[in-house]
Amino acid sequence: MTIDWTAFTPATALAGGALIGLASVLLLIFNGRIAGISGVLGGLLESSSGIGWRLAFIIGLLAAPLAWQLFVALPPIKIEAGYPTLIAAGLLVGFGTRLGSGCTSGHGVCGVSRLSPRSLVATLVFMAAGFATVYVVRHLLAA
C-alpha cells in the first residue's frame, strides 16, 4: 500500500469537517431536524411538508463544490467502475439506508455526536461492512 502524500490535506479536511458539524448543529437548532441526507432527500420525494428547507439543503449540497471551485481547482473525478456496478452499489446503499433508518450523515455525523445508541451501532455496522467489502474486492476477488 502506498500513500499519496500530495493528497494529504489535513487543514482543508479539518475545515470541511468543522463546516459539516456547524451546518448540522444549525439545522438542528433552527429547524429541529437531523442533517441525514437520505432522510432529507427521501422526505423531499415522499411528502409535501418541509419542501422549502429540504430543497434548499439539496441545492446547497450541489452548489457548494461549484462555489468552492471559484477558489481552488477541484480534483478530477475518476470512477473506476462500470454502470452496472454503480447501479448495484446505489441500490444497495439505498436499501441499506432504509434498513438502517438513516445514512452515514444522519447516524455517523449527527447520531454519534448525540450519543444515540442506535446510531453508534449503525455506524459500527456500516463501517465494518465497508471494511469487509474493500477487503473482499481488493484481496479475495482481485485478479
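1. Let's start with the aromatic pairs. In this predicted model, the count of aromatic pairs comes to 2. One of them is formed by Trp 5 and Phe 8: their ring centres lie 5.6 Å apart and their planes meet at 80 degrees. Planes over 60 degrees apart count as edge-to-face, so that is the name for the Trp 5 and Phe 8 pair.

2. Are these two residues buried or exposed? Trp 5 counts as exposed, because its relative accessibility is 59%. Phe 8 is exposed too, with a value of 52%. The cut-off to keep in mind here is over 50%.

3. Now have a look at Trp 68 and Phe 71. The centres of their rings are 6.5 Å apart, and the planes stand at 50 degrees, so this pair is described as tilted.

4. How exposed are Trp 68 and Phe 71? Trp 68 has a relative accessible area of 46%, so it is partly exposed. Phe 71, at 67%, is exposed.

5. Finally, please turn to His 107, which sits in helix 5, a helix covering residues 104-113. His 107 has a relative accessibility of 3% and therefore counts as buried; the limit for that word is under 20%.

6. What does His 107 touch, once neighbours within four places in sequence are set aside? Its contacts include Gly 100, Ser 101 and Gly 102, and also Val 112. Further along the chain numbering, His 107 is in contact with Arg 118, Ser 119, Ala 122, Thr 123 and Phe 126.

Notes: Residues are numbered from 1 along each chain as its sequence is written. This is a predicted model: local features need pLDDT of at least 70, side-chain atom pairs count only at pLDDT 80 or more; totals for chains, interfaces and linings use all residues. Side-chain values use heavy atoms; hydrogens and water are left out. Helices (H or I, at least four residues) and strands (E, at least two) are DSSP runs, numbered from the N terminus. Buried means under 20% relative accessible area, exposed over 50%, partly exposed in between (1.4 Å probe, protein chains only). Contact means heavy atoms within 4.5 Å. Rings of Phe, Tyr and Trp (its six-membered ring) pair if their centres lie within 6.5 Å; planes under 30 degrees apart count as stacked, over 60 as edge-to-face and the rest as tilted.
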